[in-house]
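Thanks for coming, everyone. I'll keep this brief. Please look at the screen.

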Amino acid sequence: MQHVIIGAGPAGVTAAEHLRRLDPAAGVSMVAGEAGLPYARMAIPYLLSGRIGEAGTMIRRDPGHYEELGIRVLCGRARKVDAAGHTVILDDGRKLRYDRLLVATGSSPSAPAVEGLDRPGVHTCWTLEDARRIVAAAQTGSRVVLMGVGFVSCIIMQGLVARGSGLTVIAGSSGRMVRSMMDETAGGMIRRWCEARGVRVLSGDRAVAVEDGPAVRMESGETLPCELVVVATGVKPNVEFLDGTGVTVEQGILVDARMRSTVPGIYAAGDCAQGPDFGSRSRSVHAIQPAAVEQGRVAAFNMAGRDLAYRGGIPMNVLDTLGLIATSIGRWQGAGDGTWVEDGDAYRYMRLEFEDDRVIGAINVGRTDHIGVIRGLIEGRVPLGVWKDRLRADPNRVAEAYVAATR
Ligand SMILES: Cc1cc2nc3c(=O)[nH]c(=O)nc-3n(C[C@H](O)[C@H](O)[C@H](O)COP(=O)(O)OP(=O)(O)OC[C@H]3O[C@@H](n4cnc5c(N)ncnc54)[C@H](O)[C@@H]3O)c2cc1C
């Protein structure tokens, strides 16, 4: 049995290790799209702020780890998959035969419609190589323009500020921050927090070009001279090499609870996969490391002939924007049956969303006191009974509600 894994991020590495354990006689090959040892992207913000060195980003510290396990790591990029011939073709022409294939290629930054993104001084913040370039360019007194106000932008601000850079953030026409995980109130709080810490947040305007310097030219005519431009405006799954295989791709590779794609023998896990959501029939890209690890594990079990179902991911994001912690969990956009408490001056906010008498989602800003309890209520689909109305009157009583409703 030959198992081939494309991708050496958390999903790929986890799958390789489980396959080795579950199927000792099988061949396990992992194609790593980037040079060097497999690393975790989520460590990049810590590297930027100097809290860890490059060694701290590695998924497994021991350089001999993969060889000792008998996992063959090949450096290269998958160019094509021949599903009928059960073969992966790499950029340099090498061919890998597989019986079971796992696609764990994650996603890559998508480029906004801005001219001149190929100029020197313009980088994404996605790979270790990107991080090295940013560290070299972001020095004390340097001016950094950050395009985008999503999760990655917010999470790397601390690193950029810690390096002594002056930050201008381009927030697009609406100016709404972290739209994919925060409502307007929470996004507004995060924005004010950034501004109070000296970050200039531009809205109602958009970047049209990067000129030599570099300098970012805005639609309004304003020019932002800088030493570094970081582009973080969204991502797309790495799936081009699957063209012609029949694998169905929507926001990611569609997989069932066993991480099977629509083509027999081909599985997918991690950021490139669109998998089952917890407690609903929908499927989405979960795009966080714990989900990638769990999906890699589930894929490995099923590739090795065991039967293991993914429970479905509860969307959960934890964001540290210059020290302000914000979380969203579950269906925080809600079903129109929500409640919240807010203390804008203290940067504290909690929103709960209900469906019938159950909590289905929540947002917290500036407070982490109830997150475990809220997660428990969502995961346990706990009926609140009379406690729903009490929570609607005062969401701060969520721990009391949990205790009473689970007794
Ligand atoms: C700056 C930053 C901060 C983050 N912070 C957090 C956080 O705090 N918490 C959290 O949970 N998540 C965080 N994330 C998200 C997290 O990193 C991802 O969810 C996780 O990396 C997904 O793992 P993966 O294995 O699916 O994909 P990836 O880690 O993206 O790995 C994909 C692998 O596939 C390879 N590859 C791609 N295309 C090809 C190809 N054609 N051929 C061969 N190989 C290929 C890549 O080189 C890589 O080895 C962060 C991400 C970034 C960028």
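First, a term: on a 1 Å grid over the protein atoms alone, a pocket is an open set of points where a 1.4 Å probe fits, with protein on both sides within 12 Å along at least five of seven lines, and its lining residues have an atom within 4 Å of a point. Now the ground rules. This is a predicted model, where local features need pLDDT of at least 70, side-chain atom pairs count only at pLDDT 80 or more, and totals for chains, interfaces and linings use all residues. Residues are numbered from 1 along each chain as its sequence is written, and side-chain values use heavy atoms, with hydrogens and water left out.

Let's start with the second largest pocket. What lines it? The lining runs through Ser108, Pro109, Ser110, Ala111 and Pro112, then Leu117, Val122, His123, Thr124 and Val231. Two elements give two or more residues each: strand S8 (107-109) and strand S9 (122-124). Strands here are DSSP runs of E, at least two residues; helices are runs of H or I, at least four; both are numbered from the N terminus. S9 gives the largest share of this lining, 3 residues. By class, the lining has 6 nonpolar, 4 polar and no charged residues. Asp, Glu, Lys and Arg count as charged; Ala, Val, Leu, Ile, Met, Phe, Trp, Tyr, Cys and Pro as nonpolar; the others, Gly among them, as polar.

Now the ligand. Which residues come nearest? Of the 31 around it, they are Glu34, Arg41, Ala78, Asp271 and Gln289. A polar side-chain atom of Glu34 sits 2.7 Å from a ligand oxygen. Asp271 uses a backbone N or O atom, at 2.8 Å from an oxygen of the ligand. Helix H1 (10-22), helix H5 (151-162) and helix H7 (289-303) each give two or more residues to the shell. H7 gives the most, with 3 residues. The shell divides into 18 nonpolar, 9 polar and 4 charged residues.

Why does the ligand lie between two domains? Because domain 1 (2-108 + 235-303) and domain 2 (122-231) both give residues to its shell. Those bounds come from an automatic or database domain assignment.

Last, some backbone geometry. Most residues other than glycine have a negative phi, and most peptide bonds are trans. The bond from Gly213 to Pro214 is cis, with omega near 0°. Pro214 lies in the loop between strand S13 (207-211) and strand S14 (215-218). Leu322 is not a glycine, yet has a positive phi of about 50°. Find Leu322 in the loop between strand S22 (316-321) and strand S23 (324-330).

Technical notes: Near = heavy atom within 4 Å. Polar contact = N/O pair within 3.5 Å; in protein donor to acceptor, adjacent residues only side chain to side chain.
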